[in-house]
Amino acid sequence: NMEKKPVLYSGIQPTGILTIGNFIGAINNWLKIQEDYFSIYSIVDLHAITVRQDPIEYRSRALSFYAQYIACGLDPEKSILYFQSHVHQHAELTWILNCYSYLGELRRMTQYKEKSKKNADNLNVGLLDYPVLMAADILLYQASVVPVGIDQKQHLELARDIADRFNNIYGQTFTIPEVYLGKQGNKIFSLQDPFAKMSKSDPNPDAAVSIIESPDSIARKFKRAVTDSESVVEYREDKPGISNLLVILSSMTDKSIDTLVNEYHDAGYKKFKEDVAEAVIEKLRPVREDYERLMKDKAYLLNIAGQGASRAAALAERTLAKVKKKIGLIERPSLN
Ligand code: TRP
């Protein structure tokens, strides 16, 4: 029955930290639509190895991300939560789709151009092939809805092109996925530079707040948040720091920006920042507590991850088998 709902697919790289920006801009929206879609979320641990990772740190971070997703309220019963590397069909479909992707279109990807500049000393083929793996992720599950940030829109369009190209040659095989951009107002900026997006890998530790951060540390970071030299709380383009804090407070309390501006207009920045910090602390308290509980029970977590992978693999295999048949690969004989 749940498979009758449209399939929603998203992936997140297990690098850096999950921030309140990810929570407000992405995870919180996913929770709201969890009932409307058959949702599949993967920790894309094969994508993140396009840059070098320390194996020990990488393994623990990936598991920590998995626990954070669940702690945020993504329900492993209602949705599928799994590690990309546990489902070999991703790598397999990527190879096949490579043969339907053009070097020219991959080289034109903005992210590839940027990453190849940054990684001149490790310009590996994975960096170029990254969007084909992403296309395989999405197409394996016949996903129709893919919530991503604006920076991933180009990759999604490529996935659509590849799917369309394949369908045109072999007949209907893949669902053409639609991009699902979150609400514009939901973008959260750095606490230290309100013109820059809050980044999960910002080198300045005061710039971003993790969703599992201690209350003391959250309070300290909001206290230091960059504002401006006025003292009125208003939502204005020339007050990016204060506006960012208003957006954060609004999403944490579900109160409108207007209501909050009325409430805090002349309260002073000190009081305003303290209340923003308090709202964030309270909203995230159950997340952090759940997270800590989950991390104490690794066996349980791995068991859930294994179940997620099995469910994902069953769906992925259906598509992969169809693809192999269409392109003329001999079906593997089953021996008895
Ligand atoms: N490339 C995406 C990012 O960096 C992550 C990702 C991998 C993804 N596979 C995906 C997102 C499939 C959506 C669907 O954000």
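At 36% relative accessibility, Glu-230 counts as partly exposed, where buried stands for under 20% relative accessible area, exposed for over 50%, and partly exposed for values in between (1.4 Å probe, protein chains only). The structure is a predicted model, in which local features need pLDDT of at least 70 and side-chain atom pairs count only at pLDDT 80 or more, whereas totals for chains, interfaces and linings use all residues. Residues are numbered from 1 along each chain as its sequence is written, and side-chain values use heavy atoms, with hydrogens and water left out.

Side chains of opposite charge can pair when their charged atoms come close. With a salt bridge taken as a side-chain nitrogen of Lys or Arg within 4 Å of a carboxyl oxygen of Asp or Glu, the count comes to 19. Glu-230 forms one of these with Lys-239, at 2.7 Å from N to O, and Lys-239 is buried, with a relative accessible area of 1%. Arg-236 and Asp-238 are likewise joined by a salt bridge of 2.9 Å, N to O; Arg-236 is partly exposed at 27% relative accessibility, while Asp-238, at 52%, is exposed.

A nonpolar core is understood as a set of buried Ala, Val, Leu, Ile, Met, Phe, Trp, Tyr and Cys residues joined through side-chain atoms within 4.5 Å. The largest such core holds 60 residues, and those touching the most other members are Ile-20, Tyr-66, Tyr-69, Phe-222, Ile-248, Phe-272 and Val-280. Helix 11 (residues 269–295) supplies the largest share of this core, 12 residues, helices being DSSP runs of H or I with at least four residues, numbered from the N terminus. When residues up to four places away in sequence are not counted, Val-280 touches Ile-20, Ile-218, Phe-222, Ile-248 and Met-252, contact meaning heavy atoms within 4.5 Å. A second, separate core comprises 41 residues, among them Val-7, Tyr-82, Phe-174 and Ala-312.

Helix 3 (residues 89–98) packs against helix 6 (residues 125–140) at an angle of about 115 degrees, with the axes 8 Å apart; axes are lines fitted to C-alpha atoms over the stretch in contact, and angles run from 0 to 180 degrees between N-to-C directions. Residues in the contact include Leu-93 and Leu-97 of helix 3 and Val-132 and Leu-133 of helix 6.

Definitions and conventions:
Helices (H or I, at least four residues) and strands (E, at least two) are DSSP runs, numbered from the N terminus.
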